[in-house]
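Biologist: Before we look at any detail, could you take me through how a model like this should be read, one feature at a time?

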Amino acid sequence: MAFKERVFSGVQPTGNLHLGNYLGAIVNFVKLQATYECVYCVVDMHAITVWQDPAELKKSIREVTAAFLAAGIDPKKHIVFNQSQVSEHAELAWVFNCVARLGWLNRMTQFKEKAGKDRENASVGLYAYPNLMAADILIYRATHVPIGEDQRQHLELTRDIAQKFNNDFKPQIDAAGFPDGFFPLAEGLMSGPATRVMSLRDGSKKMSKSDPSDYSRIALSDDADAIAQKIKKAKTDPEPLPSEEKGLEGRPEADNLVGIFAALAGRSRADVLGEYGGAQFSTFKAALIDLAVAKLSPITSEMNRLTADPGHIDAVLADGSARAKVLAAETMAHVKDIVGFVRG
Ligand code: TYM
């Protein structure tokens with residue numbers, strides 16, 4: 001094995017974490033701890049690519065950290081930290097700004113969506129965002145990246161950057177003793193039945209922090225009543241549930257609710273339909289409410305307990321950042337040598 005296997009992933013501290021973040025990413029972060037050395041990051045530098053209120057940002061950084069811990073990430077065995085405390089992310093991102101091509105960034109659909117019509121007014125950071133994401137992953141020379149579907153294109157760009165760096169500097173990389181290239185081509189891990197959780201109000205839109213309707217998403221801070229209300233109001237269609245997966249085709253809302261159920265229960269979609277095929281949504285929604293409350297409430301109360309003690313969270317982040325910095329500094333020293341910078 002040419003590269004040490006390592007997992008890296010990040011979550012932005014931009015307001016309420018929701019069920020999509022949890023099922024699409026955080027649940028997998030927790031599982032991967034058993035097999036890999038994991039580095040999990042609260043990407044606060046990514047957050048400021050769009051305006052963030054400074055006091056709210058601090059709160060959100062602590063909230064995402066609390067969600068990691070409450071979901072079951074062990075910050076002693078693995079690394080949990082916030083990006084801005086490890087300056088090597090920004091340093092490597094600059095090198096990648098000089099490796100990535102404008103044409104590559106111009107293809108990024110997330111930039112187009114986020115910048116909207118007023119592109120001229122978007123921050124330069126929002127445009128260069130994927131280069132910083134590549135730096136996050138590659139500063140740890142991570143081999144595996146658990147993410148939801150919406151981050152697939154960014155991960156492909158990360159691989160393109162790694163490949164171009166390895167090619168551009170091949171003689172220097174060989175001379176430095178890395179015959180397989182310096183950066184690994186990191187693999188995305190998109191697993192489980194909920195890699196793309198959709199809005200509860202519209203099965204064609206992804207569940208997101210920025211949707212103006214609070215009823216479109218279940219937030220990790222929602223209490224049992226809010227969860228029940230939102231699931232009761234979730235859009236459906238008039239047919240009962242099908243007994244096989246192919247019956248979900250063309251029924252995006254049904255497909256979404258079955259996917260959420262399966263992911264929360266740790267079962268496959270087929271298995272869930274085996275039990276609920278033929279049932280009306282009223283029956284299925286009642287079961288989904290019970291399941292969602294049983295799975296999410298303990299996490300919500302643990303998050304509340306943890307955020308009540310910001311000093312403890314800050315200490316976890318400081319410890320994780322110090323450990324991350326050791327790994328990041330080692331990579332950055334090699335990068336400087338490879339690129340041809342002089343260092344003391
Ligand atoms: P972010 O903060 O938007 O989302 C965090 C994680 O949640 C996943 N996700 C979803 N999964 C399923 N269904 C949904 N509706 C849904 N919405 C969000 C995302 O795919 C993500 O895995 N650019 C990243 C953060 C980042 C990062 C990184 C990730 C920065 N550097 C390096 C991996 C590696 C982002 O904005 O995620």
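**Reading the domain interface**

Modeller: Let us begin with charge pairing between the two parts of the chain: the count of salt bridges between domain 1 and domain 2 is 0. Please keep in mind throughout that this is a predicted model.

Biologist: Which residues make up domain 1 and domain 2?

Modeller: The protein chain is divided into domain 1, which covers 6-195 + 309-339, and domain 2, which covers 214-305. Taken over C-alpha atoms, the centres of domain 1 and domain 2 are separated by 30 Å.

Biologist: How should I read the area buried between domain 1 and domain 2?

Modeller: As a general idea, the accessible area lost when parts come together is often used to give the size of an interface. Here the area buried between domain 1 and domain 2 is about 1300 Å², and carbon and sulfur atoms give 76% of it. In terms of residues, 14 of domain 1 are in contact with 17 of domain 2, and 4 residue pairs are in polar contact across the interface of domain 1 and domain 2.

Biologist: Which elements give two or more residues to the side of domain 1 that touches domain 2?

Modeller: They are α1 (19-32) and α3 (54-71), and α3 provides the largest share of that side, with 5 residues. By residue class, the side of domain 1 that touches domain 2 divides into 10 nonpolar, 2 polar and 2 charged residues.

Biologist: Turning to the ligand, how many residues surround it, and which are the closest?

Modeller: The ligand is surrounded by 27 residues, the closest being Q12, Y129, D136, D150 and V197. For Y129, an N or O atom in the side chain is 2.6 Å from a nitrogen atom of the ligand, while for D150 a polar side-chain atom lies 2.4 Å from an oxygen atom of the ligand.

Technical notes
Residues are numbered from 1 along each chain as its sequence is written. This is a predicted model: local features need pLDDT of at least 70, side-chain atom pairs count only at pLDDT 80 or more; totals for chains, interfaces and linings use all residues. Side-chain values use heavy atoms; hydrogens and water are left out. Domain bounds come from an automatic or database domain assignment. Contact means heavy atoms within 4.5 Å. Buried area is the accessible area (1.4 Å probe) that two parts lose on being put together, summed over both. A salt bridge is a side-chain nitrogen of Lys or Arg within 4 Å of a carboxyl oxygen of Asp or Glu. A polar contact is a pair of N or O atoms within 3.5 Å; within protein, one must be able to donate a hydrogen and the other to accept it, and residues adjacent in sequence count only if both atoms are side-chain atoms. Helices (H or I, at least four residues) and strands (E, at least two) are DSSP runs, numbered from the N terminus. Ala, Val, Leu, Ile, Met, Phe, Trp, Tyr, Cys and Pro count as nonpolar, Asp, Glu, Lys and Arg as charged, and the others, Gly among them, as polar. A residue is near a molecule or strand if one of its heavy atoms lies within 4 Å of it.
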